Amino acid sequence: ISSFLNALATISLIPLVYFLLYGKFEIEILQSDFFKKIIFFDEQKINLLNVIIFFISFFALSSFFKIFSTFYIQKIRRKLTVDYQNETLIEFFKAEWHFFYKTKISNISSAVYRDLNHVSSAIISWLNIFSSFCLLIFLIIVPFLISIKLTISILLISGFLFLPFLKITQ
């Protein structure tokens, strides 16, 4: 949801920039009827204030969902951490006294803490990768929905501009 709202907020930059540069916005600039309907429900009400409100509201909603997503990821991390700690504690209680006699408690505590930190960091990393992948998908799809020709042209031009830098780095 955050990625989708972020993509819409990015699209809403188009009319905002036109208003700031030219003082008006013509709906024909958007080549996709799909986005004309999403961004503007009534063409007669297109003015700078509405465009700014639209832009700010999408970024605010996107930020809210990003915060919610981060909160939920941390909640999952905490639950997994507590579950892991409980399982480890149960295994310690099952251990023979020889285990505690041969091993220092500080080493056990350090190992558990270190392992727990690695596991929770890995989980957070995978969840963040998934979130970033969703955002990437939206940021790839949205330009094609706006204008296929323009997107392909920009990608080709970017590729040609990138080639000299590729040669330099080798």
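A residue counts as buried when its relative accessible area is under 20%, as exposed when it is over 50%, and as partly exposed in between, using a 1.4 Å probe and protein chains only. With that in hand, take helix α1: its buried residues are Ser2, Ser3, Leu5, Ala7, Leu8, Ala9 and Ile11. That leaves α1 mostly covered, with seven of its ten residues buried.

A quick word on where this comes from. The model is predicted, so to speak of local features takes a pLDDT of at least 70, side-chain atom pairs count only at pLDDT 80 or more, and totals for chains, interfaces and linings use all residues. Residues are numbered from 1 along each chain as its sequence is written, and side-chain values use heavy atoms, with hydrogens and water left out.

**The overall picture**

The protein has seven helices and zero strands. Helices (H or I, at least four residues) and strands (E, at least two) are DSSP runs, numbered from the N terminus. Of the 170 residues, 21% count as buried. Contact here means heavy atoms within 4.5 Å. Among contacts between residues at least 6 apart in sequence, 69% join residues at least 24 apart.

**The core**

A nonpolar core is a set of buried Ala, Val, Leu, Ile, Met, Phe, Trp, Tyr and Cys residues joined through side-chain atoms within 4.5 Å. The largest one here has nine residues: Leu5, Ala7, Leu8, Ala9, Ile11, Phe54, Phe58, Val142 and Ile146. Two or more of them come from each of α1 (2-11), α4 (48-94) and α6 (105-146). Which helix gives the most to this core? That would be α1, with five residues. In soluble globular proteins, nonpolar side chains tend to be buried together.

**Along α4**

Helix α4 has 47 residues and reaches 69 Å from its first C-alpha to its last, close to the 69 Å expected at 1.5 Å a residue. (The expected span is 1.5 Å times one less than the number of residues.) Its buried residues are Val51, Phe54, Phe55, Phe58, Ser62, Ile73, Thr81 and Thr88.

Which residues does Ser62 touch, not counting those up to four places away in sequence? Ser2, Leu5 and Asn6. Ser62 is buried, with a relative accessible area of 5%. Thr81 is also in α4 and is buried because its relative accessible area is 18%. Leaving out residues up to four places away in sequence, Thr81 touches Leu116 and Ser120. With that exclusion again, Ala9 touches Phe55, Phe58 and Phe59.

**Two helix pairs**

Axes are lines fitted to C-alpha atoms, for helices over the stretch in contact, and angles run from 0 to 180 degrees between N-to-C directions.

| Pair | Angle | Axes apart |
|---|---|---|
| α1 and α2 (13-22) | about 20° | 4 Å |
| α6 and α7 (148-169) | about 125° | 5 Å |

Angles under 35 degrees count as roughly parallel, over 145 as roughly antiparallel, 65 to 115 as roughly perpendicular and the rest as oblique. So α1 is roughly parallel to α2. Their contact is made by Ala9, Thr10 and Ile11 of α1 and Leu13, Ile14 and Pro15 of α2.

By contrast, α6 and α7 are oblique to each other. Pro143, Phe144 and Ile146 of α6 meet Ile148, Thr151, Ile152 and Leu155 of α7. By class, this contact has six nonpolar, one polar and no charged residues. Ala, Val, Leu, Ile, Met, Phe, Trp, Tyr, Cys and Pro count as nonpolar, Asp, Glu, Lys and Arg as charged, and the others, Gly among them, as polar.
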